[in-house]
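Visitor: I am new to this structure and would like a guided look at it. Could we begin with whatever open space there is and then go through the rest?

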Amino acid sequence: MTLGGTNGTMVLRPYGSDNLALGNNPSQRMFFTLTGTNGVISSTDASGVARTTTVYVPINEDQAGRGVTFDGLGTITLATNNTYSGTSWLNGGTLQANDAGGLTNTSVEVLGSATLKAGGPIKALAVRTGQVNVQATTGRDVTISAFTHNSNTVTRFSGPASPTLGNGITLPSGITNTNGILGGYATMNGSSWAYVNTNGMLDALSASAYVTSSVAGTVAANYANTNIDVDVNQTITGIITPNSLRFSVSGRSLNLAAGTNVIQSGGILITQAGNGGVNGGNVTSGSADGSLTVFHEAGGSSWYFNSVLVDNGAQPVSLVLAGGGLLQANNGYYHSGDTY
């Protein structure tokens, strides 16, 4: 079987109310060869309903560099090792690679909000637009040999609570922490910021690595360049410049001083909301790309942004919203960047 589409797009999708299985009969296994660069494997049927698509046979190529687009609302499972070397464009839905060699030879580019479940190494991962959930199969080595992300994108990593070599996610050696975390765009297991540990593996920033608001108190200098965990309400006497903010206790708030308060990494993580938030003053992002990313992982509860979001001087600031919680802004936004 071939999947082409060089001069037009060829789409494989589930038919009717059935899921799609390619090569699932062991006695009649077929060859699956990419012959073009615009082929699509979908997990959505013609009526727009999410389905499951499973590819049981290796995906090969007739010449080096052949790629394929995975899209849809459901799950596409690559059940075995693959040899194609072109790009895998991930445009929504879930792509699950069960075997260690499922994504070893291909570069994955995320073009829309999607989930990537990896059972082995990934040649390269590039987050171009939207948000991606990268999940490592327990007990598997998920080494990402090259990793890039564009401005205003979000990466949620998930893996074992105590990663060890061969059991978790490893990023390229050139990617390091800034002020203790990977950046304000990346979380681990939905509860903490992602950071690269001493073994070079992605891990969740531990509770002891945060400075709590109960310890920092009301003195602005105690917040400088730190990853703050808001565990009690505080009214701060001066402008603060924390690296990040996490709200892990329900109903807790920071009352900010007048002026522009800078979140250096551009990251706010809410794991418990309960009507907590930030109040007063202006808030801006210190991230290089000018994005302020708010991860609201506390379900349907409300969190209040009662400060004013502004640009960082001449740097336009964009607001990136992630998670399923409700963010309420009562004082308006005066930033010139987009909202995602």
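**Pockets, cavity and chain**

Guide: By class, the lining of the largest pocket has four nonpolar, 15 polar and one charged residues. Please keep in mind that this is a predicted model.

Visitor: How much space lies in that largest pocket?

Guide: The largest pocket holds about 230 Å³ of space.

Visitor: And which residues lie nearest its centre?

Guide: Of the 20 residues that line the largest pocket, Gly183, Gly184, Tyr185, Ser265 and Ser287 lie nearest its centre.

Visitor: Now cavities. How many of 30 Å³ or more are found in the whole structure?

Guide: The search finds one cavity of 30 Å³ or more. The volume of the largest cavity is about 50 Å³.

Visitor: Which residues line the largest cavity?

Guide: Its lining consists of Ile240, Pro242, Leu245, Leu254, Leu256, Asn261, Ile263, Ile268, Val278 and Val283. By class, nine of the lining residues are nonpolar, one is polar and none is charged.

Visitor: Let us step back to the chain. How many helices and strands does it have?

Guide: The protein chain has one helix and 33 strands.

Visitor: What share of the residues is buried?

Guide: Buried residues account for 51% of the 340 residues in the protein chain. The chain exposes about 13,300 Å², and carbon and sulfur atoms supply 48% of that area.

Visitor: And what about contacts between residues at least 6 apart in sequence?

Guide: Among those contacts, 47% join residues at least 24 apart.

Visitor: What is the average pLDDT?

Guide: The protein chain averages a pLDDT of 90, and 89% of the residues score at least 70.

Visitor: Where does pLDDT stay under 50?

Guide: That is the case over residues 5-9, for which the model has ten contacts beyond four places in sequence. Where pLDDT is low, the predicted coordinates should not be read in detail.

Visitor: Changing topic, where is Thr52?

Guide: Thr52 lies in strand E6, which covers residues 52-55. The C-alpha atoms of Thr52 and Gly74 are separated by 5.7 Å, while the two residues are 22 residues apart along the chain.

Visitor: Why is Thr52 called partly exposed?

Guide: Thr52 has a relative accessible area of 33%. Partly exposed is the term between buried, under 20%, and exposed, over 50%, so Thr52 is partly exposed.

Visitor: What is the phi of Asn179?

Guide: Phi of Asn179 is near 50 degrees, a positive value in a residue other than glycine. Asn179 is in the loop between strand E17 (168-170) and strand E18 (186-188), and its relative accessible area of 37% makes it partly exposed.

Visitor: And Asn225, where is its place?

Guide: Asn225 is in the loop between helix H1 (213-216) and strand E22 (227-229). Its phi is near 60 degrees, again a positive value in a residue other than glycine. Asn225 is partly exposed, at a relative accessible area of 42%.

Visitor: How is Gly332 placed relative to Phe305?

Guide: Their C-alpha atoms are separated by 8.8 Å, and the residues are 27 residues apart along the chain. Gly332 is partly exposed, with a relative accessible area of 29%.

Note on methods:
Residues numbered from 1 in each chain as written. Predicted model: local features only at pLDDT ≥ 70, side-chain atom pairs only at ≥ 80, totals over all residues. Heavy atoms only, no water. 1 Å grid on protein atoms, 1.4 Å probe; cavity = no way out; pocket = protein on both sides within 12 Å on 5 of 7 lines; lining within 4 Å. Points joined across faces, edges and corners; volume = space filled by probe spheres on them. Nonpolar A, V, L, I, M, F, W, Y, C, P; charged D, E, K, R; others polar. Helix = DSSP H or I, 4+ residues; strand = E, 2+ residues; numbered from the N terminus. Buried < 20%, exposed > 50% of the residue type's maximum accessible area, 1.4 Å probe, protein only. Contact = heavy atoms within 4.5 Å. Areas by Shrake-Rupley, 256 points an atom, 1.4 Å probe, with all protein chains shown as cover. pLDDT = per-residue confidence, 0-100.
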